[in-house]
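Hi everyone, thanks for coming. Let's walk through one structure together, step by step. Please have a look at the screen.

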Amino acid sequence: AALRDAETRIRALRPGEQAAVVLAGAGTPQLVQPLTGDRAALLSALRRNTVAPTDAATAPRDACLLAASLVASRPDARVVLLTDGVFPPQDEMRFP
């Protein structure tokens, strides 16, 4: 469901809007597609870099912080976390 939601959001990008793809599987979150308005590049990055199911710990907060750092200078930017919801509770999801 998260993958379909990501694809839908990418296809809905309007002219001038940009998105990036950050993966937050086991280990350190990875930026797999920097900010771009190129829908094909975003969809390709998403499909090439799906996260395999794992019982290992994930780091959604770290992924959100990485994503937030990409758009820190953009006052109207949003970070959207798409997840299967399977991760330990986070102490705080507040950002600087």
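Let me start with a question: which residues does Ile-10 touch, not counting residues up to four places away in sequence? Take a moment to look, and keep in mind that this is a predicted model. Here we go: Ile-10 touches Arg-39, Leu-42, Leu-43 and Leu-46.

Now let's see where Ile-10 sits. Helix H1 runs over residues 2-11, and its buried residues are Ala-6, Glu-7 and Ile-10. Why are these three on the same side of H1? Because they cover an arc of only 100° around the axis. Turn to the face pointing away from that buried side, and you find the exposed residues Arg-4 and Thr-8. And what covers the buried residues of H1? Helix H2, residues 39-48, is part of the answer.

Next, the strands. S1, residues 19-23, and S2, residues 30-36, run antiparallel and are joined by four bridges. If you look for Val-22, you will see Leu-31 of S2 standing opposite. The hairpin of S1 and S2 has six residues between the strands, and there Gly-27 takes a positive phi near 95°.

Finally, let's bring the pieces together. The largest nonpolar core has 11 residues, among them Ala-6 and Ile-10, along with Val-21, Val-32 and Leu-42. H1, S1 and H2 each supply at least two residues of this core, and the largest share, four residues, comes from H2. As a general point, nonpolar side chains in soluble globular proteins tend to be buried together.

That's my tour, and I'm happy to take questions!

Conventions:
Residues numbered from 1 in each chain as written. Predicted model: local features only at pLDDT ≥ 70, side-chain atom pairs only at ≥ 80, totals over all residues. Heavy atoms only, no water. Buried < 20%, exposed > 50% of the residue type's maximum accessible area, 1.4 Å probe, protein only. Arc of directions from axis to C-beta. Contact = heavy atoms within 4.5 Å. Pairing = 2+ DSSP bridges. Core = buried A, V, L, I, M, F, W, Y, C linked by side-chain atoms within 4.5 Å.
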